[in-house]
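Reader: Hi! Could you walk me through this one?

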Amino acid sequence: MKVDVLTLFPAMFAGPLDESIIRRAREAGRLELVINDLREWTHDRHRTVDDEPYGGGPGMVLKPEPVFEAIEDLAGAETRVVLMTPQGRPFEQAVARELSVHGHLLLVCGSYEGYDERIRSLAHDELSIGDYVLTNGALPAMVVIDAVARLLPGVLGDDASSAEESFSEGLLEYPQYTRPAEFKGMKVPKVLLSGNHAEIAKWRREQAAQRTAERRPDLLKDKNEDSEEKKDDS
Ligand code: JCZ
């Protein structure tokens with residue numbers, strides 16, 4: 001997969017995507033990442049990308065011309081153009097899976113108070129990573145890239161890929177332990193040392209269900225609504 005990013009802060013992308021699994025995905029050629037500086041599509045001496053809002057009000061708005069020219073240069077017929085914005089649809093695991101099937105993504109990261117509304121006409125999708133306000137779209141774009149890249153074929157090992165399936169079931173993970181069996185007086189649950197694989201699987205299912213009910217009842221609710229919909233359809 002190729003991912004183009006359009007941003008006013010290309011330097012923000014150095015670091016997070018140069019480590020660990022994403023670094024290996026890039027080295028293996030499974031992810032090709034290109035960070036594009038929006039100012040390269042300006043033509044004036046001051047490389048202007050923003051202007052005052054029509055109608056007045058605080059802050060500045062991202063001008064349409066540089067973004068239109070950049071997208072025209074960077075996007076082809078097969079490109080999925082995605083705008084990062086707090087007004088976008090919520091980014092979740094199912095959306096990451098959806099994006100992972102595209103050969104080319106172009107992630108547009110705004111800045112300032114927002115985009116000139118006409119920029120939205122170029123986007124296939126608008127995504128929000130959560131209900132909080134950030135200063136620009138660079139961190140959200142990195143979150144999307146990380147979540148999508150780990151789903152690409154060959155990026156994760158088989159072990160991690162099956163862990164992905166268990167999260168897709170919509171429950172939080174069960175508690176995990178490693179050696180030592182006792183640490184600062186805290187013991188590993190006896191069942192995990194028993195070697196009884198059926199009992200271990202049962203304990204983990206129960207723990208995952210209990211933890212999800214306590215911490216994220218919304219996930220169980222979604223799951224029930226999904227299965228209700230499936231019932232209605234059949
Ligand atoms: C541009 N401020 C783009 C996205 N989920 C989320 N929170 N905040 C953003 C975001 C904020 C922005 C811009 C200026 C995205």
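Reader: How many Å separate the centres of domain 1 and domain 2?
Author: The centres, taken over C-alpha atoms, are 35 Å apart. Domain 1 covers 2-149 and domain 2 covers 164-233, with bounds from an automatic or database domain assignment. Bear in mind that this is a predicted model, where local features need pLDDT of at least 70, side-chain atom pairs count only at pLDDT 80 or more, and totals for chains, interfaces and linings use all residues. Residues are numbered from 1 along each chain as its sequence is written, and side-chain values use heavy atoms, leaving out hydrogens and water.

Reader: Thanks! Now the ligand: which residues come nearest?
Author: Tyr 112, Ser 128, Ile 129, Gly 130 and Tyr 132 do, out of 15 residues around the ligand (those with a heavy atom within 4 Å of it).

Reader: And what is 3.1 Å from a nitrogen atom of the ligand?
Author: An N or O atom in the side chain of Ser 128 is at that distance, and a polar backbone atom of Gly 130 is also 3.1 Å from a ligand nitrogen. For Leu 134, a backbone N or O atom lies 3.2 Å from a nitrogen atom of the ligand.

Reader: How much of the ligand does the protein cover?
Author: The cover is 96% of the 360 Å² of accessible area that the ligand has on its own (Shrake-Rupley method, 1.4 Å probe).

Reader: Is the shell around it made of charged or nonpolar and polar residues?
Author: Seven are nonpolar, eight are polar and none is charged, with Gly counted as polar and Tyr as nonpolar.

Technical notes: Polar contact = N/O pair within 3.5 Å; in protein donor to acceptor, adjacent residues only side chain to side chain.
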